[in-house]
Protein chains: 2
Amino acid sequence: MKNCIIAQSGGPTVAINASLSGVIEAALSSNQIDNVYGALHGIEGVIHNHFLDLGKIFKEETNGLALLRNTPAMFLGSCRYKLPKPEAAPELYEQLFCFFEAHHIAYFFYIGGNDSMDTVHKLSDYASSIQAKVQFIGIPKTIDNDLVGTDHTPGFGSAAKYVATSLLEIAHDTYIYNLKSVTIVEIMGRNAGWLTAASALAIHEHSNAPDLIYLPESAFSKDAFIETLRKLLTIKDNIIVAVSEGLKDANGQYIAASDNSKTDQFGHAQLSGVGKTLESLVAHTIGCKVRSIELNVLQRSAMHCASLTDIEESAQAGRESVAYAINGATGVMVTMSRREDDANYLIEYHCSDISQIANQEKIVPPHWITPTKDGITDDFMNYLRPLIQGEPTIIYKNGLPHYLSKAMYPAAYISLQ
Amino acid sequence: MKNCIIAQSGGPTVAINASLSGVIEAALSSNQIDNVYGALHGIEGVIHNHFLDLGKIFKEETNGLALLRNTPAMFLGSCRYKLPKPEAAPELYEQLFCFFEAHHIAYFFYIGGNDSMDTVHKLSDYASSIQAKVQFIGIPKTIDNDLVGTDHTPGFGSAAKYVATSLLEIAHDTYIYNLKSVTIVEIMGRNAGWLTAASALAIHEHSNAPDLIYLPESAFSKDAFIETLRKLLTIKDNIIVAVSEGLKDANGQYIAASDNSKTDQFGHAQLSGVGKTLESLVAHTIGCKVRSIELNVLQRSAMHCASLTDIEESAQAGRESVAYAINGATGVMVTMSRREDDANYLIEYHCSDISQIANQEKIVPPHWITPTKDGITDDFMNYLRPLIQGEPTIIYKNGLPHYLSKAMYPAAYISLQ
């Protein structure tokens with residue numbers, strides 16, 4: 001008997017359940033896999049023996065996988081649990097691998113971001129050290145697009161589409177008044193400006209919004225910002241500025257200075273407020289109408305505005321992970337590469353050694369940022385544009401999107417005996 | 001010769017251009033109207049003689065009206081100009097009515113909210129006092145749903161749908177973690193809680209989010225709020241709270257206290273920050289994970305999430321206004337009533353004397369708020385639900401919604417000679 005566990009971890013995107021649906025679909029249709037278990041709340045579900053019997057739900061439910069594919073966040077729940085190193089918690093590793101053996105777990109699929117790939121890395125290394133047979137496959141997801149080894153990450157395209165759509169709609173909202181104004185839109189991205197850069201997709205032949213784009217890859221100067229704004233306001237009424245939450249000054253200090261003290265358990269600074277900080281700066285220096293807008297969690301959960309390209313790629317990454325697993329891969333992450341020899345956008349799936357991926361961060365390369373550090377290049381636009389194409393068909397029920405949640409399946413909750 | 005002017009004023013909604021498209025469609029197809037002029041930036045466009053020749057644009061452009069119907073904010077631009085009383089500015093009224101006569105303006109259509117209806121009221125009263133022939137028709141719009149004399153206002157249903165959809169997606173985002181948290185969603189509404197109440201539409205058989213809903217119609221007590229939260233957190237992990245920006249305490253003081261000093265030119269207090277205020281309160285008293293989310297301007301500009309019912313009704317209100325004008329109406333606003341004798345939702349259009357409407361505000365009736373003042377009744381849900389039904393077909397271009405803007409038609413800018 002060969003069973004598999006699927007789990008989800010880290011922050012939400014709208015495409016993580018698309019990857020989950022891809023894994024479930026491929027696993028249920030494979031004659032190499034008997035039971036398909038979903039661990040609740042990531043690796044914590046394995047530690048505490050909390051599972052959903054995914055076969056029970058999705059073998060029976062017509063359209064279930066299609067609805068799951070268009071459901072935001074994590075159907076299985078998430079965690080922020082940092083798996084310790086084996087030498088720091090030998091009993092935990094023993095417990096986990098006894099559990100895997102007892103329940104004939106052949107494959108463990110972990111859909112997550114950078115920190116989740118670290119977990120895949122530790123578990124696959126440990127398995128190799130004790131010659132355990134369970135295989136570990138990572139499936140990437142993050143709106144931040146900051147994983148190395150892949151052209152882009154599942155979840156990024158949809159967040160990019162939401163950011164660009166919102167920017168377009170904010171521009172329409174802003175342009176109606178005949179007065180000088182500055183609108184600052186704060187976009188997620190701690191160290192990497194990929195998502196903030198996606199705001200540039202809103203630019204078209206009749207609108208330059210966002211007029212200015214500031215990424216955390218470049219040091220931010222408040223003085224230069226105000227000087228640039230003053231100049232722009234002499235030729236244009238409504239200035240729209242896209243800023244990354246992680247903007248830092250030349251000394252590496254966050255512009256949202258008051259939040260420097262807060263860090264999460266991975267040691268990442270908890271940020272918020274660069275928009276409000278700059279709003280206050282503009283109000284006190286320039287004195288025109290100014291507003292800041294924080295896109296907040298909707299940029300990672302607004303399924304109703306997802307990119308079909310992203311959702312389809314995310315589902316395919318899930319399917320591919322099962323094929324790689326059955327072919328014997330372990331300690332790997334599914335990656336995507338773009339065919340460079342073709343004018344048409346085409347993605348190929350591979351898998352890469354997780355040790356080359358975990359705990360690294362891909363930032364925007366300098367040659368994709370304009371020399372003035374307040375915009376992005378055409379090459380970067382060409383990279384971004386294919387990722388937001390197409391709209392998934394969302395099923396509406398009583399005027400609202402019909403999303404799945406595990407609360408709908410109380411009979412599928414199980415502990416493995 | 002009989003010409004007409006159409007103008008838009010006040011804050012944006014996603015349905016104001018649907019009303020504009022309805023007026024243009026009916027005016028262009030009427031043999032009673034020769035030229036259809038759009039005043040730029042509301043009544044200011046009339047004062048400064050800045051117009052768009054709408055006939056020139058929309059007679060030629062195939063699909064133009066369909067695209068206009070699905071474009072957010074104001075195609076013609078808006079203003080916040082408060083028209084003085086005739087006795088305070090007799091020259092201005094003389095200028096305006098000379099202009100109307102010189103250019104054969106028979107009909108003036110003003111699409112706007114409470115303050116715009118005040119302008120219609122003043123102009124129609126003045127016309128009557130000098131026996132001028134120009135007729136003034138108001139077409140309501142406001143996400144606030146606070147105009148009297150109409151079952152609901154164009155623009156409200158779409159904002160309600162956006163608020164409920166966002167709340168649903170925020171709930172999915174929040175429920176993934178296995179820890180105690182409070183999420184506070186701040187929704188627009190200065191004195192009337194209609195839009196905040198619409199968050200309740202996100203509740204379904206598997207989710208109670210939002211768990212608590214606070215409207216400005218009821219005095220808000222910080223102590224009672226914290227006590228309620230503490231109790232709820234003993235039985236549930238993730239609490240989601242919808243609050244109106246205009247929440248006040250028993251003494252009538254805004255909860256977002258620091259903004260009491262700012263008022264706009266109509267004397268309305270400028271609010272923001274009740275979410276942040278309550279986030280800080282929860283952090284300091286309960287100490288669990290807490291986040292506040294301000295839906296901000298997207299709730300009034302997110303056309304990609306509009307209600308088809310709202311868009312169709314808004315367009316129809318525009319068409320009806322032309323029919324009423326041609327039948328001789330003036331000093332009126334188009335209103336909507338719901339057929340009460342029918343289980344099926346059906347709207348009838350009327351027009352009401354503007355003097356009964358301008359400068360009044362419709363708030364949520366007490367019997368639609370629960371006795372505990374932190375929720376809404378089933379009757380209120382039944383009132384709200386039909387307003388968010390259906391999704392307009394948005395045309396996408398290169399991955400983003402294709403919206404119109406006046407910048408696309410430089411040849412249509414005119415001054416009347």
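Reader: What makes the crossing of H9(B) and H10(B) right-handed?

Author: The crossing of H9(B) and H10(B) is right-handed, a term used if the near helix is turned clockwise from the far one, whereas anticlockwise by less than a right angle is left-handed. The model is predicted: local features need pLDDT of at least 70, side-chain atom pairs count only at pLDDT 80 or more, and totals for chains, interfaces and linings use all residues. Residues are numbered from 1 along each chain as its sequence is written, chains are lettered from A and ligands numbered from 1 in the order in which they are written, and side-chain values use heavy atoms, with hydrogens and water left out.

Reader: Why are H9(B) and H10(B) called oblique to each other?

Author: The axes of H9 (residues 222-235) and H10 (residues 274-285) of chain B cross at roughly 60° and come within 11 Å. Angles under 35 degrees count as roughly parallel, over 145 as roughly antiparallel, 65 to 115 as roughly perpendicular and the rest as oblique. H9(B) and H10(B) are therefore oblique to each other.

Reader: Which residues of H9(B) and H10(B) make the contact?

Author: Contact means heavy atoms within 4.5 Å. Lys222(B), Phe225(B), Ile226(B), Leu229(B) and Arg230(B) of H9(B) make it with Thr277(B), Leu278(B), Leu281(B), Val282(B) and Thr285(B) of H10(B).

Reader: What makes H5(A) roughly perpendicular to H6(A)?

Author: H5 (residues 90-102) and H6 (residues 114-129) of chain A pack at an angle of about 75°, with their axes 12 Å apart. That makes H5(A) roughly perpendicular to H6(A). In H5(A), Tyr93(A), Glu94(A), Leu96(A) and Phe97(A) meet Lys122(A), Leu123(A), Tyr126(A) and Ala127(A) in H6(A).

Reader: How is H1(A) placed against H12(A)?

Author: The axes of H1 (residues 16-28) and H12 (residues 308-326) of chain A come within 7 Å and cross at roughly 40°. That makes H1(A) oblique to H12(A). H1(A) passes H12(A) in a right-handed crossing.

Reader: How do you know that Arg300(B) and Asp173(A) meet in a salt bridge?

Author: A salt bridge is a side-chain nitrogen of Lys or Arg within 4 Å of a carboxyl oxygen of Asp or Glu. The side chains of Arg300(B) and Asp173(A) meet at 2.7 Å, N to O, and form a salt bridge. Between chain A and chain B the count is two salt bridges.

Reader: What area do chain A and chain B bury between them?

Author: Chain A and chain B bury about 4800 Å² between them, 59% of it on carbon and sulfur atoms. Buried area is the accessible area (1.4 Å probe) that two parts lose on being put together, summed over both. The contact takes 60 residues from chain A and 60 residues from chain B.

Key:
Axes fitted to C-alpha atoms, helices over the stretch in contact; angles between N-to-C directions. Helix = DSSP H or I, 4+ residues; strand = E, 2+ residues; numbered from the N terminus.
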